[in-house]
Amino acid sequence: MDITSILFYVFSAILLFCGLRVITAKNPVHAALYLVLAFVTASCLWMMLGAEFLALTLILVYVGAVMVLFLFVVMMLDVDVESLRNGFWKNLPLALLLGLVASAEMILVILQNPQITAVANADPETTLSNSNVLGWVLYTQYSYPVELASLVLLLGLVVAVALTLRKSDKAAKYQNISKQVSVDSKTRFTMVKMDAEIEQQGEKQ
Amino acid sequence: MTYPNLFPVLPEIFMALMTIIILLVDAFSAKKSVITVLTLLTLIGCFVLQIHVSSPSTQLTFNDMFILDSLATGTKLFTYILSFVAVIYVRRYIIDKEINPGEFYAILLFAILGMMVMISADNMIVLYVGLELLSLALYGLIALQRDNVKATESAMKFFILGALASGILLYGISFIYGATGGNLQLELIVRSMLASQEQGISPLLTFGLAFVVAGLVFKLGLVPFHMWIPDVYEGSPLAVTTMIGSLTKIAAVVFMIRFLVGGLVLLSMYWTIMLLVLAMLSLFFGNIIAIAQTNIKRMLGYSTISHMGFVALGFIVVSVDGITSTLFYVITYSITALATFGILTALSKDGFECESIDDLKGLSSSHPVYAFLLMLTMFSMAGIPPLVGFYAKFKILAALVNTGLTWVAVFAVIMSLIGAFYYIRVVKAMYFDEKVKDIQVANICVGTKVLLVLNTLMLLVIGIFPSYLIDYCQKFIG
């Protein structure tokens with residue numbers, strides 16, 4: 001067994017263990033941290049396949065951005081984990097049975113077909129780097145789905161704003177910049193003429 | 001470096017641009033009525049552009065990822081017309097419910113754009129991206145009423161189950177990609193399967209197919225992937241139920257035609273069996289459970305499940321005849337559902353939603369016209385001649401009998417008979433029961449009323465003269 005296969009089995013074992021812990025860990029913060037570890041090991045596997053760009057993007061985007069945000073949410077919202085686990089044991093037998101049947105079927109089908117040929121190898125002639133080739137393909141051959149994906153992102157943005165921004169919300173405070181800029185001394189101060197007040201000694205005590 | 005031919009994509013580009021313009025107008029203009037007009041103009045513009053770019057021959061562009069054939073042109077035109085009518089129906093409702101029209105219509109146009117992309121996709125990646133564009137927009141539309149607990153709950157359910165189904169679909173696609181030598185192009189998949197046909201069909205392909213079918217029928221809502229439909233129909237505001245219940249079905253069926261009949265036709269012996277089982281389950285559970293419903297939106301949800309069962313039966317007959325009747329069925333069903341939800345929307349006013357079947361009691365004495373229209377749609381859904389629902393069911397049954405699946409046709413007929421019970425119960429509540437609640441009609445304009453009447457009368461007209469629409473559908477396929 002060469003070093004690559006040893007590494008593959010080590011990383012795969014860690015990945016599977018982490019995946020299991022994500023759903024079994026009692027503490028949601030621990031679960032999120034196991035998910036981070038799962039992402040890192042998955043990116044190591046991709047690195048071994050020669051997909052450096054994807055491996056690094058996985059760490060940057062998922063570990064760096066998504067999971068950090070997720071951890072913030074988990075820590076800020078005091079989620080009552082015990083109530084989420086209600087009915088876990090009640091539903092477990094059926095879920096376990098269905099899961100086992102489905103996975104047994106999948107394993108049987110895969111075992112029938114041992115010769116799985118590798119597809120879509122990168123062009124061995126190319127001297128370009130991984131990210132270079134990916135960019136080239138994305139903006140030529142796959143330009144249409146990339147454009148559409150940008151629309152999906154725009155839609156996500158619009159929906160997120162529509163769901164959270166409420167002008168009518170009393171608690172919300174808004175700045176009207178043109179009003180702020182156009183203030184002068186007259187709108188800010190009003191001079192009130194009034195007589196000087198004389199404090200009366202008797203009342204003060 | 002050659003640039004892609006943008007001519008066939010013009011309607012999509014126009015739609016995307018107008019969506020962004022509507023967002024900007026909403027941000028900077030105080031007049032909200034402009035947005036409705038802009039939305040309607042967008043749909044008209046797309047319609048005109050679509051006719052302008054259509055040609056008798058098939059047009060491909062963007063490295064063959066985009067296809068504009070007669071199927072795409074025809075179903076897109078129907079989508080524009082139905083969307084146009086739906087926008088007019090829900091216009092008043094949006095104002096009543098104080099939903100911001102800018103956001104609502106912009107997200108709605110995104111959803112329609114998603115349908116357009118799905119309809120003319122020739123590549124699995126594009127099909128998937130179009131599906132996500134549509135689904136994300138729908139989740140957003142349902143959740144737009146943030147303070148409505150039911151709406152947010154159903155949006156959440158729809159979102160989580162939809163994400164799961166998308167994952168399953170993608171998993172299946174990845175296996176098909178692997179088993180066909182790295183192809184996502186539907187035509188190339190067929191070719192690669194034909195080339196390796198002598199060695200038999202790879203188990204990996206059938207493995208992927210099972211996941212793909214599961215993902216697809218979730219979007220269509222067949223049993224046992226139907227659990228979201230009644231909840232979403234009931235939970236979302238009527239305006240959104242109108243959109244989900246009518247517009248999305250055509251795109252979903254075209255999606256299935258492209259994916260299963262177009263891409264995986266050589267595996268048809270596998271997926272016809274899967275669809276047969278799912279369709280029979282849907283017909284059974286959809287019709288039986290609908291009987292127990294007291295909420296009319298929920299009842300229509302279960303009725304959708306049984307109707308989609310019929311649509312799936314049409315797929316089992318893998319022939320021009322079968323697919324034509326499927327298309328005919330889904331188009332006429334969309335028209336019927338649009339009229340039904342349009343009437344219910346018209347009967348909702350000032351925060352009151354016409355939801356319970358009890359609310360409809362005695363409708364014939366207070367609003368005879370609406371009662372009559374609703375009766376026509378119910379009879380059409382139940383499949384009573386001379387309305388179009390009868391003919392659509394008849395076409396599918398005839399196609400089944402012609403291929404020797406008579407027992408399936410008999411089963412479907414028995415299930416529709418059971419289904420007729422709950423449609424006719426609504427009619428009974430309207431015509432023979434004492435009034436329990438005063439229903440006020442929303443102050444919709446005359447144009448909307450005329451449109452409602454025309455829409456419902458279409459059911460009668462197509463029912464009596466179906467051959468025009470059938471010839472039209474046949475042209476899509478041929």
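## About the model

The structure is a predicted model, in which local features need pLDDT of at least 70, side-chain atom pairs count only at pLDDT 80 or more, and totals for chains, interfaces and linings use all residues. Residues are numbered from 1 along each chain as its sequence is written, while chains are lettered from A and ligands numbered from 1 in the order in which they are written.

## Chain B as a whole

Chain B has 19 helices and 2 strands. Helices (H or I, at least four residues) and strands (E, at least two) are DSSP runs, numbered from the N terminus. The radius of gyration of chain B is 22 Å, close to the 23 Å from the globule rule for 478 residues, so chain B is as compact as a globular protein of that length. This radius is taken over C-alpha atoms, and the rule is 2.2 Å times the number of residues to the power 0.38. The C-alpha trace of chain B spans about 70 × 60 × 40 Å along its principal axes.

Of the 478 residues in chain B, 57% are buried. A residue is buried if 20 or more other C-beta atoms lie within 10 Å of its own, exposed if 12 or fewer, and partly exposed in between; C-beta atoms are placed from the backbone.

## An enclosed helix

Helix H9 (residues 228-235) of chain B has 7 of its 8 residues buried, so it is largely enclosed by the rest of the structure. Among the buried ones are B:Trp228, B:Ile229 and B:Tyr233. Their cover includes helices H5 (124-143), H6 (149-179), H10 (238-263) and H12 (296-316) of chain B.

## Nonpolar cores

A nonpolar core is a set of buried Ala, Val, Leu, Ile, Met, Phe, Trp, Tyr and Cys residues joined through C-beta atoms within 7 Å. The largest has 188 residues, and B:Met118 and B:Leu133 have the most contacts inside it. Apart from it lies another core of 8 residues, including A:Leu35 and A:Phe39.

In chain A, 19 residues are in contact with 31 residues of chain B. Contact means that C-beta atoms, placed from the backbone, lie within 7 Å. On the chain A side, helices H5 (88-112) and H7 (143-164) each give two or more residues. H7(A) gives the most, with 13 residues.

Definitions and conventions
Two residues are in contact if their C-beta atoms, placed from the backbone, lie within 7 Å.
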